[in-house]
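This report walks through a two-chain model. Keep the coordinates open while reading.

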Amino acid sequence: MNFSKNLIIIVFLLAIISAFTFADALNTVSADNSSGGNSVGTPGTTGSQTWIAYNTSNVQMTQLTANITVIIKNIGSHVEYFKISQIYSGTTPPMNFTVVSHPGAVMMIDPVNPEGDWGWEIQPGETKTVSFKVDASGVMGNDPGWIGNPNAVSNTSWPLIPDMGLYTSWFMPDEIQTLNPDLQLKSWIGIFTFTATNLATYPVAGIIRGPIIPTASKLTYSNPLVTFQDTSIAPETNVAAWNIHLTKAGSSNDHESFIYTYQWPLSGNGSNIGKGTSSVFAPNNSTNNTTTVPSQNTGIPYGLLALAAVMVTAGVVYAKFLR
Amino acid sequence: MKFPIKLPTVFILVGMFIISLYLLIEVDYYSYSVTLTSSNDTPYVVIPSIGVNESINNKSIDYGVYYEPLSGLPGEGTVILFGHRTLHGSPFLNLNQLKSGDDVFLEWPGVGNVEYTVSNSTIVDASYQIPLYQGNTLFLITCYPISSDTQRLIIGSKYDNTTPLTNPTSKPNSQSSDAFLIIASLFGGGMLLGTFYPVKEDKILIFMATIALTILLIYAYFFPVPTDGVESLLTNINNFLSL
């Protein structure tokens, strides 16, 4: 068998493998679609995946807020604006956010939303810290916010919140760099809050995941302490997850409030970033000034010790046999 | 120009120095544990399933199991205990083996024998801020994975009950002899290396380095000083070399 025949066989095998891979991807997309658009109470089943569908939901989500602090640099040669919109639209059902705090921002011309867009002016070479707070309102916010929406559409775009507990909405904090290459993201910190309330006449229990999670970011605080971090939702995403038990509606423990903080980027030594500025990452919402403590350094890497042992051994071996 | 010391000798001397820094941390820990466990008011953490029976201090994690002073008292609030998984006596070496339902006891003078039951384990980033008000719970925290400082393993335990501390079962740490074993190992290993080292003209350097490093460890045992600087240096070098 010559080289050409080998090449033909390899190409043929690759083509078969690619075809199967593509078919599997199509099945996955179909499963995604079925999860959102299927009829109430009918689990969508496509390919090898089965999605859970709700008849109704017994846990209500309220008081969803996001407090964002962004440090951003204009690396371009002219002035730029870092903009936020008051309403994210184009999703079904729409999830409305109201910007309740925007220090230093100006109202932009030609807004993409009827209520207007806020923006921060950043001069060439300038690094600016931008903070703003948004509250959810409308269907998925305070008015009222149902965690499980029977008509929810599976969607991975900020800030739609699909069925809570089953899925999480994720987004990329550094997407701004793709949208506007002149704006370079230095850091991104988001503090999220929400409350889960049991409206059923019986106790309920289950896993609650953070409804909105940034990708490539690390969880730097949560209250209550997370039960685990789910890494299966999206690549490079550590979704805060809690195992909760709520008593029946109307009792004292029928609800639980959550707060969690994420910091972008994921890489880097977090202990250095957090030094002296822990209040930025862990909001103090108590009368006591201190509600959190940083982790102690509980480990010393052994890599250098192993390297030292190798150096001694290598020195002896070299002196004995190779010199 | 001829280099005065052979290259393999340089490697060996540098390697010995690095190893002695790690040993210094451990010797320092045993020295401190002798001092701290002399008090009758010392609380203890006892975890039968993984063989932990360690004294607790509120001065530094370098001295063993460290009680976060801002956290609550056992049975009354959230108790946070930190412990090294490597070096410093490695009190929480096997913390990852704890399972849901395992018992944890805090023998706390003035409070009693407080029993907890392990409920869950969580892994978070090293920069994670630990909430102080989590009800009547105990958090045991150490590094994850072993010998890494990038993440933390948090074991959560729920409060069960408190009984009078009438007959403490714990005993003070009696591991101080381990420090002498460490020092003797360094000395013996160094002398052995010097004896059989094939570069005759550099043997004296191996002997001198061994004696100097041994004296350093003996001095650290009798006059212990915090080793935070040494630990930071080692950690930074590890991170720099991506080890």
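How many of the six residues of strand 7 (residues 117-122) of chain A are buried? Five of them are, so described by a burial cut-off of 20 or more other C-beta atoms within 10 Å. The model is predicted.

**Chain A**

Chain A holds five helices and 17 strands. It has 323 residues, and buried residues make up 33% of them.

Strand 7 of chain A has two antiparallel partners described here. Strand 4 (residues 80-85) of chain A joins strand 7 of chain A through six bridges. In that pairing, Ile84(A) stands opposite Trp118(A). Strand 6 (residues 106-107) of chain A pairs with strand 7 of chain A over two bridges. Here Met107(A) has Trp118(A) as its bridge partner.

Leu183(A) lies in strand 10 (residues 183-198) of chain A. Is Leu183(A) buried or exposed? Leu183(A) is buried, because 20 other C-beta atoms lie within 10 Å. Leaving out residues up to four places away in sequence, Leu183(A) touches Ile72(A), Asn74(A), Glu80(A), Phe82(A), Ile176(A) and Gln177(A). Ile122(A) is 61 residues from Leu183(A) in sequence, yet the two C-alpha atoms are 9.0 Å apart.

**Chain B**

Chain B has four helices and nine strands. Their order from the N terminus is α-β-β-β-β-β-β-β-β-β-α-α-α. Of its 243 residues, 45% count as buried. Residues 24 or more positions apart supply 65% of the contacts with a separation of 6 or more.

Eight strands of chain B form a closed barrel in the order 1-2-3-4-8-9-6-5, with mixed pairing. From one strand to the next, the twist averages 30°. Strand 1 (residues 44-47) and strand 5 (residues 103-108) of chain B pair antiparallel over three bridges. Within that pair, Tyr44(B) has Glu107(B) in strand 5 as its bridge partner.

Helix 4 (residues 228-240) of chain B has 13 residues. From first C-alpha to last it reaches 18 Å, close to the 18 Å expected at 1.5 Å a residue. Which of its residues are buried? They are Glu231(B), Leu234(B) and Asn238(B). Viewed down the axis of helix 4 of chain B, the buried residues fall within an arc of 65°, so they line one face. An α-helix has 3.6 residues a turn, so residues three or four places apart point the same way. On the other side of helix 4 of chain B, Gly229(B), Ser232(B), Asn236(B) and Phe240(B) are exposed. Just after the helix, Ser242(B) takes a positive phi of about 55°.

**Backbone exceptions**

Most residues other than glycine have a negative phi, and most peptide bonds are trans. The table lists some departures.

| Site | Feature | Value |
|---|---|---|
| Asn223(A) to Pro224(A) | cis peptide bond | omega near 5° |
| Tyr144(B) to Pro145(B) | cis peptide bond | omega about -10° |
| Leu87(B) | positive phi | about 60° |
| Ser90(B) | positive phi | near 45° |

Pro224(A) sits in the loop between strand 13 (218-223) and strand 14 (228-230) of chain A. Pro145(B) is in the loop between strand 8 and strand 9 of chain B. Leu87(B) belongs to the loop between strand 4 and strand 5 of chain B, and Ser90(B) is found between strand 4 and strand 5 of chain B too. Leu87(B) counts as buried because it has 22 C-beta neighbours inside 10 Å. Ser90(B) is partly exposed, with 16 other C-beta atoms within 10 Å.

**Where the chains meet**

The contact takes 54 residues from chain B and 46 residues from chain A. On the chain B side, the elements giving two or more residues include helix 1 (7-36), strand 6 (112-125), strand 9 (151-163) and helix 4. Helix 1 of chain B gives the most, with ten residues. The chain B side divides into 31 nonpolar, 16 polar and seven charged residues.

Strand 17 (residues 292-294) of chain A and strand 7 of chain B run antiparallel, joined by three bridges. There Pro294(A) stands opposite Gln129(B).

How values were computed. Residues numbered from 1 in each chain as written. Chains lettered and ligands numbered in written order. Predicted model: local features only at pLDDT ≥ 70, side-chain atom pairs only at ≥ 80, totals over all residues. Expected span 1.5 Å × (residues − 1). Buried ≥ 20, exposed ≤ 12 C-beta atoms within 10 Å, placed from the backbone. Arc of directions from axis to C-beta. Contact = placed C-beta atoms within 7 Å. Nonpolar A, V, L, I, M, F, W, Y, C, P; charged D, E, K, R; others polar. Pairing = 2+ DSSP bridges. Axes fitted to C-alpha atoms, helices over the stretch in contact; angles between N-to-C directions.
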